[in-house]
Structures are given as structure tokens and as C-alpha cells.
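Welcome! Please take a moment to look over the sequence and the 3D view before reading on.

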Amino acid sequence: MTDNATQREKNGLELRFSELCYQLKSGTNSKASNLILKDTCGELRAGCLTAIMGPSGAGKSSLLNVLAGFKLKGVSGHILLNGQPRELQAFRKMSSYIAQNHVMLSLLTVEETLRVSATLKLPSDTSSEAKQKILEDILDVLSLHSCRQTLVRDISGGEHKRLSIGIELITNPPIMFFDEPTSGLDSVASYQVMCYLQKLAHDGRIVVCVVHQPSSRLMQLFDDILVLAHGEVLYSGTQQEMLPSFHAAGFSCPQYYNPGDFVLEVGSESSNQRCESLIEQNKLKFMQTKSTFKLIVDEQTALIHMDSSSSADTELLRPKEQVGFGCQLRVLMQRHLVTMARDFVSSYRPALALDLILNSYTQIAVQARVFMHVLIALLLGLVYWQIGNDANKIVSNTSCLFFIILFIFSGNAMPSILLCMQDMPVFLREYYNGWYSLRAYYISKLLADMPLQFICPTLFIGIGYFMTGQPPQLERFVMCWSICILTGIIGHFIGVISGSLFKMQLAIFLVPAISIPFLLFSGFFIRLNELSWFLRPICDISFFRYIFEGLIRCIYGYNRGDMACYADFCYYKSSEKFVKDFGMTGDNFSDDLFALLIFLLLLLIAFYLTLHSCIKRAL
Ligand SMILES: Nc1ncnc2c1ncn2[C@@H]1O[C@H](COP(=O)(O)OP(=O)(O)OP(=O)(O)O)[C@@H](O)[C@H]1O
């Protein structure tokens, strides 16, 4: 008996699937549908490294997703774990899925990344010594010791892949799925990563990975091969038996030819017509084993059939969190604050293409955001230098107030879209791996984003208010500051919601496209009482109206009295007259504040629903 077989026996895991179909409803025509996987049969064994191979578009990633339990809609067939129907929640707990682009937070070190994973994934009663031991073992096994203190953004592609494996190894899962673990790596790094996978498999795990075009050196590392073409399985079994099987079906591999290239060429025929014999041969092999299934399980219970109408419960797809809500919140807050602080102090680096996507966006979102608020506040102060108490320049001062609103809103909404770019994939991966609950992530996000929402508008209004010569009264400044803070927070949530719901390009277009029309109803461009009657209700739902009204009231309302007039005649010497002409009479600042708080509450609810919908859509 070989070593692998011994391990398999020790572990005893075997994942078999038969008559597995995956049907995709076409987006353009709801009636049309695509059968991505057709009656596929195969087997994955513990102690063996299995490669899923096939030409591009054959359905390799789809099969991996279906087997890992990440795709449920449109899936039908049998998936049996050790002869029993796969129980999804338990299966997700014992398996891990490492995606091709395993996005991680770039401003944590390798060790911190593993530590966060250990704190959230290991049971709460695990001692810190035990956690440290696991962490050290993983650093050892994956040869990550030398870069343990390096930021994730600075490690090499191979180290990145190994770290993504390490994150999943924390819980020592007996089943591991990898989608193209060698993509983007050179042949040496690919071989190195694949050797680690072989090691993990030979330790008794089921390890299955999608590979594109393995070199003959890589091919030697695989124990089992599953060949897919046009959504059908041409072969599933050991590598030793692969070429004889192809030969028996009429496909002979030339001597000295890479078997990987050969099966890929066979699978690349324009249709599977010529490969019918191979497909039938494979089905027959698993038909024989299916009779064994029948003895063990009732066919009805083993059959999965989830069409698009049946809603998949996301809770079924994720293992339960291992630590309590308090610990989840603490770890998430700490992580967020550390990355934000590093983001603020770290300097720009020459951006490589990937670097630009993963790192610079967040830097723009934090570092440049603070810098721009200070710079633009100074510019505003210079342009509108000390005009706040000049009755002759009251119209210019109103424009200054409007500019403040506009800048704080867009200065917070737009960078928040970019922040979602990195946060969302990390959130979805960690949520589906049961690291934390939606509630913990939501609250940590609200709290951890707050410092920036206070710092930026405070810096801006703190500089701008005094340079532009607004009334030097504490109450008025505090009123003005509170409006600015609310404007920033509203902008931030509009940005975050759009960035989470839509692709970045669309979100960047949508935020100004939706908010600019509301500016028309703020009362700045046209007085609200001059609007046609049928347009007036729009003012009630324009948050810019309450922001602008609030600012005008706190600067010119509350018995401010006469302003200084340095010209022969100043029409608006009296601030009351100005407020009255603007149609904003009454010292109802609290009403504006209340309306803005209602808007904020609605946005907070919308943000929660957005996260919920992102979770559902990720299925
Ligand atoms: N959401 C989707 N909408 C439309 N078509 C899809 C979707 N998902 C998969 N497909 C189609 O299903 C087929 C299989 O896709 P899959 O990604 O599984 O192939 P693959 O073998 O992994 O390809 P590659 O090696 O190029 O990544 C492809 O033709 C793809 O276009």
C-alpha cells in the first residue's frame, strides 16, 4: 500500500460527484439558458493532489465553485462526501476555497494577516500560545519567515500565493480548493507553490486545483487528473491511468509529449463529438460506483436541485463564527485603524499596474484626502479672504458657503467609492469563511471610518471659517462645523453605498450624476419659493437644501445684526434682510439638523441593506 493510500485511509475522505449539471440563466433572455456543466462525474480523494484541466471556457472554475459549494443556483446532481450527501454547512466548515485573486489588505504585514485569521477563525478557547504555535508552523511550512514583517503590498507574487494558502491553513481544513494557484507566477514560483500543495495533499487532505497549461515538471506533481472539455468530463482518475484511458478511446499521446498539452489538445476540439467515447468511458466508470452510492444513501435525499427560483440561504453557505461578537468587533476595528494609520503615514511608491489598483487607491482615499482638505481650505481662504463680514460681498460669501458644501460632499463621496474597491472582496471572502458576522463588520465599518469623517471636514472648516472671516462666535462655528460633519458623513455613505453596489466606473459616474440635480433644489441657484409648484416637493428630498439652509441660518440668522459696509451703499447691510430675501426666515437650524439626521439614518439602513445584497449577489 502506498503512503498516499495510507493517509487516505487515515483521513477517510472521498468526494464523489455524478450527473452534476450546472445551468446558467442568460441575462439577456431569461428563457434561454446555458448548460455549463453537463452530467459530470468524478472523484476527489484525500492524500492526492488533483488537477482540473481543460481548455479555456471548459467549465473548470464553474466545477470548482459547484464542488466547493459556492454555486447553488442552477446546480443539480449528486455530490457525496464519503458516500453521504454533502451537508453544505458542515462541508463549508471543513473546506476552504482559495480564489485566483485572493485579495488581502495590503497594509498589514504577513504576520498580522495570519494573526487576524488565527484570532477570528480558531475557537475562542484556543490559548494564545497555541495560536502562536500554529502561526509559526504555517510560516515554517510555507517558508514565509523571511517576510513575516513585510507589508502584504511589498511581498512577491509567490509569497502572496503562499500567504493566501497560509490564511486558509490556520484551521487545518481537510479539503482545499484552489482556482489557478499558479496564475501570474513564473515557472520556478509555480513549481514551488505546487510543491506546497502536493505536501498539503500528501498530509492527507483533498487538494484540488484548477490549472491552465502545466509544464511536464508540474504534471509530475499531480496524483489525479480531471479533464474537462465543453462542460463534460473526459477523464477523472489517477495520472498513471490517464494516457492508457485516452489510448483505449482512440487518442494516443505521441512519445516525449507533455501529457498536459496532449489532453488539452484533445479537449480543444470544436465540439465533444470525437470525444464521445472518452466521455462514455468515464461515465461508465462512475456508473459502476454509483450502484455503491445507492446502497448507502437514498437517492432522493442525495439529489441537489436548486434552480434559480429557490433562494439559497447565505447562512447555509458559511461556517458559524468561531469567536464572539465583541472579539470580532475588536479585531476588525484594530485592523481598520492600523491600516488607516499606515495609509496616512506611508509614502507613495512608483505604482506598478497591480500596485496602483491594490494600494494607491486606498492611499488616495486617506492620505491625499486629508492633504486636499487642507490645501483647498487654504485656497478657499485666500480667494475669499475676510469677506465674511463685508455686506458688499455677501453674494460672494454665499458662493463661498456653497463651495464649502460642494467640496466637503464630493471630497468624501468620491474617495469612499475607491475604498470599496479593496474592502468589498476582502469582506465577502472573510464573511463567507465565517470570520465574522455582517453585524460586526457593519458596526466596525461605521465606527472605524468615523475618525476620517471628523478629521477632514474639521480641518477644512477650521481653516476656511476663520480665513474667510465668518462671525467669530463659538456657537455659530459649532453649528457650521456640525453641518459640515454631517455633509461629509452623508457624502461618505453615498460613496460607500454606490461603490459597493456598482462597478467603480459606474459608481464614479453615478454619484455626481445623481447628486448634481439635487444641488439645483438646494436654494442656491434658484430660491425655493420661485420654483414651479410641481418641483417644490423635490426640495423636501434634497439633502443639499437642508445643508445650505442650515449654513445660511448659522452664518446670517440668529440676530446677527448689521454687517460692516465698506462701500457707499450696501443693499444687504442687514443680515435679516438677506435671510428673508433668500426665503429662509425663521431660526430653524434644529429643523435642518433633524432633517439631515433623518437622511443619515436612511443612509445607514441603506448601507446595511447594500452589504446584505452584496452577500447575496456574490453567490
Ligand atoms: N456568470 C456567467 N455568465 C455568463 N457565462 C458564464 C458565467 N459564468 C461562466 N460562464 C461561461 O461558462 C463557461 C465556463 O466558464 P468557466 O469560467 O468555468 O471556464 P474555465 O474553464 O474556468 O475557463 P478559463 O480557463 O478561461 O478560466 C464559459 O463559456 C463562460 O463564458
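Predicted model: local features only at pLDDT ≥ 70, side-chain atom pairs only at ≥ 80, totals over all residues.

The protein has 619 residues, and buried residues make up 44% of them. Its secondary structure comes to 22 helices and 11 strands. If you look at contacts with a separation of 6 or more, 79% of them are accounted for by residues 24 or more positions apart.

Next, find helix H17 (residues 474-501) and helix H22 (residues 589-617), whose axes come within 10 Å and cross at roughly 20 degrees. An angle under 35 degrees counts as roughly parallel, so H17 is roughly parallel to H22. The crossing in which H17 passes H22 is left-handed. On the H17 side, the contact is made by Met479, Ser482, Leu486, Ile489, Ile490, Phe493, Ile494, Val496, Ile497, Ser500 and Leu501. Facing them in the contact, H22 brings Phe589, Leu593, Leu596, Phe599, Leu600, Leu603, Ala606, Phe607, Thr610, Leu611 and Cys614. How do the residues of the contact of H17 with H22 divide into nonpolar, polar and charged? There are 19 nonpolar and three polar residues, with no charged ones.

The second pair is helix H15 (residues 394-432) with helix H18 (residues 504-519). Their axes also come within 10 Å, and they cross at roughly 165 degrees. Are H15 and H18 roughly parallel or roughly antiparallel to each other? Angles over 145 degrees count as roughly antiparallel, and H15 and H18 are therefore roughly antiparallel to each other. Here H15 passes H18 in a right-handed crossing. H15 contributes Ala413, Met414, Ile417 and Met421 to the contact, while H18 contributes Met504, Ala507, Ile508 and Val511. The residues of this contact of H15 with H18 are eight nonpolar, with no polar and no charged ones.

Note on methods:
Residues numbered from 1 in each chain as written. Axes fitted to C-alpha atoms, helices over the stretch in contact; angles between N-to-C directions. Helix = DSSP H or I, 4+ residues; strand = E, 2+ residues; numbered from the N terminus. Parallel < 35°, antiparallel > 145°, perpendicular 65-115°, else oblique. Left-handed = near helix turned anticlockwise from the far one by under 90°. Contact = placed C-beta atoms within 7 Å. Nonpolar A, V, L, I, M, F, W, Y, C, P; charged D, E, K, R; others polar. Buried ≥ 20, exposed ≤ 12 C-beta atoms within 10 Å, placed from the backbone.
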